[in-house]
Number of protein chains: 2
Amino acid sequence: MTSFFRSRWVPKPDHVEELPGGLPRGFRAAGIAAGVKADGAKDLGIVVSDAPETVSAARFTRSGVLAAPVIVSRDRSEVGGLRAVIANSGNANAATGAQGVDDAVAMQAGAAAALELDPMRVAVGSTGVIGVPLPLDRILGGVEVLRGELRADGDGDFADAIRTTDKHAKRASLLVRLPSGEVRLSAQCKGAGMIQPNFATMLCFVQTDAQLEGETADLLLGVTVKRSFDRISVDGQLSTNDTVVLMANGASGVKVEPMSEDELRLGEALDALLRQLALLIAADGEGAKRIGRVVVTGGDQGEVEAVARSVANSPLVKSALHGGDPNWGRIAQAVGGALLDAAPLPFDIAIEGVQVLSAGEGLRFDQRALDAAVQGDEVEYVVVLPGDGAETEVFFSDLSHEYVTINAEYTT
Amino acid sequence: MTSFFRSRWVPKPDHVEELPGGLPRGFRAAGIAAGVKADGAKDLGIVVSDAPETVSAARFTRSGVLAAPVIVSRDRSEVGGLRAVIANSGNANAATGAQGVDDAVAMQAGAAAALELDPMRVAVGSTGVIGVPLPLDRILGGVEVLRGELRADGDGDFADAIRTTDKHAKRASLLVRLPSGEVRLSAQCKGAGMIQPNFATMLCFVQTDAQLEGETADLLLGVTVKRSFDRISVDGQLSTNDTVVLMANGASGVKVEPMSEDELRLGEALDALLRQLALLIAADGEGAKRIGRVVVTGGDQGEVEAVARSVANSPLVKSALHGGDPNWGRIAQAVGGALLDAAPLPFDIAIEGVQVLSAGEGLRFDQRALDAAVQGDEVEYVVVLPGDGAETEVFFSDLSHEYVTINAEYTT
């Protein structure tokens, strides 16, 4: 079996072991076809923690246009004390106005009733077509079915139920050896590298049976999301529906104290998990051949961030990545475009370890060796700006013919 | 003959008449093949004004990575008193370090010697491959040839000499009827809608025989560039070489006083000229089928600018434009992505006059009529943000298969 940790950029921590599947103790999940998707594929799922003392943390899209499920989960649930998540694919319930919010509230309430929970302890996630009313009857009918399907190994079905155009499932079950004992960590994620028409969301649901304080859960999720889903760019487009939820139910009996070695090790495992999932999002998608990583150092934080995003979102850089073309002039152009009026700018560029630009001036290098080096699945670019101190990275997809085909097709 | 003013977004001013070609009185130009381009096409040109009293104005790219010709023209020429421009295609003289600056200075000096001018009165422009030393010998040899070729109707050859991957020539010669008399206005421009590998520049050279003060030339050019070349987005990529130069030699004897009706009318003509040229850049390019115009009103200036750029640069929006898909969900998503943390955002969207979103909620509309409306060469999107006061527009290219093909091909 291929390791889940397949990228050279995300080494598997030594204290982490991959499991074939299944949820941590005390969690159950299910996923079914409720009829939201026209093709009869799975489209509705629930993950629930049986322990009343479950704590949680969540992060949501910062888009100025929020889908109804994000509004409801953020503003009408107890984000620190979630015990369940209900999520559907096939319909994003976005740009659906007041009716959309009512529908998301009804979805939350329906799941809560079926699970005998306070609605405040249920989050809602949706992904799919924008601007079409949610088929609430089908959702609520599906909830009744889901109640009877919940199982400790239902994570696979749940992961399938949140897929839209994802070509590959994105989930993992990990055993994490902490100094105080073993805990389990699992996650189910969706997001296609090349975003499809009207399907433009990443959802990620994470479970652990470690015993955490709410603040620890929030801290760990915040730090690791910043290093994973916040560092990928498929096409520079921010979804109206992005949602990440971590639930920790303490069922392992292993208590993870703040500032402890346990916390550090759990954080490392969560970090690796989310980073690899983020890379899977960048790599998945119609026609995506390669992913790039741009590392930018020097300057200040605002500068490295602007440069990294400019390189990662440049259609010229993305096209070159797709074509296996080590075209450093495009990197230089993207750097300049991010730093207006900053000339003269004596900066360096290296591609796959080969320095091609030094202090703004092109170097002689072994063109054939560099040509060969950019044919792999992953290509790394390093940009060194004048000054020191700041550093960042962004992972990005290439730009393929299929992206244009898919997104130019008439679909409404 | 097709009118130069072919866009519904740029009506021809009534006091402007199109001429088949030729420069205003007192200007001469030429363009030849000097051997910079491998394929033997024209690649070196000069435009010169014979009048010592010529005034000028210029605008340059704001990229943090400036090509040598931009550095030399901006810092080592008398930007307000230019009498000539020398420009080449096939080599951008960018990322070429100190040698590149020396080469651009030599190119300036060579043209100045041939034209018997002070080098300070000669600007330099280059476009083409990045990071390759300029073939200075060929340039200087070409200058000798050019000296004997300068003609009042040499604008066509000059325009050809600055083309790289432009499929269509972009130039115009206009007769402008001012209250105080007739003047002529001409321009030669290059820039391909879909930027080619390593070729990523717009150059525009404008001439008039009106008699202007230097400040008037600068004012008119500044205002009209802001409304033309600053308002187009091909792929969100800023070149290292963008250059616009206006020269006015007074040979018509028609004096254009500041704040006069003459100035207003000349400004209108220049505005129409540069806007149509900018649209030609957006429309030109491999596979480009349509251009879009997004108009954003409401909010404040920062908001409308961010939203317009986000829509214009969205690969999802561009793909939909290419495919003739009136996919308003993508416009909504691009608006939200530009205005972080701004929810709730009750905004409106109209496509080709059909309102599809009102206060953030999708409307029912005649889908077939809208489908038909987005099949033309030009598609207009209007976004109305909450509040009032600000307004802006951006013109943009679609995203085509050919863009990916061209930019994924290995070319170095």
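**Entry 1: how the two chains relate**

I laid chain B on chain A and got an RMSD of 0.0 Å. I note here that the model is predicted.

**Entry 2: the surface the copies share**

Next I looked up the interface residues. Of those in chain B, 100% are also interface residues in chain A, so the copies meet through the same surface.

**Entry 3: the annotated residue**

I checked the UniProt record for an active site. The unreviewed entry puts its "active site" annotation on A:T201. Where does A:T201 lie in chain A? I found A:T201 in the loop between β8 (181–190) and β9 (203–208).

Is A:T201 buried or exposed? Its relative accessibility is 8%. The cut-off for buried is under 20%, so A:T201 counts as buried.

I listed its contacts, leaving out residues up to four places away in sequence.

**Entry 4: α5 and α6 in chain A**

I turned to a helix pair in chain A. Helix α5 (residues 214–226) and helix α6 (residues 261–283) have axes that come within 9 Å. They cross at roughly 40°. That makes α5(A) oblique to α6(A). α5(A) passes α6(A) in a right-handed crossing.

I read off the contact residues. α5(A) brings A:T216, A:L219, A:L220, A:L221, A:T224 and A:V225. α6(A) brings A:E263, A:L266, A:G267, A:L270, A:D271 and A:L274.

**Entry 5: α7 and α9 in chain B**

I picked a helix pair in chain B as well. At what angle do the axes of α7 and α9 of chain B cross? For helix α7 (residues 301–313) and helix α9 (residues 328–338), I get roughly 135°. The axes come within 8 Å. Angles over 145 degrees would count as roughly antiparallel; α7(B) and α9(B) are therefore oblique to each other. The crossing of α7(B) past α9(B) is right-handed.

On the α7(B) side, I list B:A306, B:V307, B:S310 and B:V311 in the contact. On the α9(B) side, the contact is made by B:I331, B:A334, B:V335 and B:A338.

Key: Residues numbered from 1 in each chain as written. Chains lettered and ligands numbered in written order. Predicted model: local features only at pLDDT ≥ 70, side-chain atom pairs only at ≥ 80, totals over all residues. Heavy atoms only, no water. UniProt positions renumbered as here; feature names shortened; annotations may be inferred. Helix = DSSP H or I, 4+ residues; strand = E, 2+ residues; numbered from the N terminus. Buried < 20%, exposed > 50% of the residue type's maximum accessible area, 1.4 Å probe, protein only. Contact = heavy atoms within 4.5 Å. Least-squares fit on C-alpha atoms with pLDDT ≥ 70 in both. Axes fitted to C-alpha atoms, helices over the stretch in contact; angles between N-to-C directions. Parallel < 35°, antiparallel > 145°, perpendicular 65-115°, else oblique. Left-handed = near helix turned anticlockwise from the far one by under 90°.
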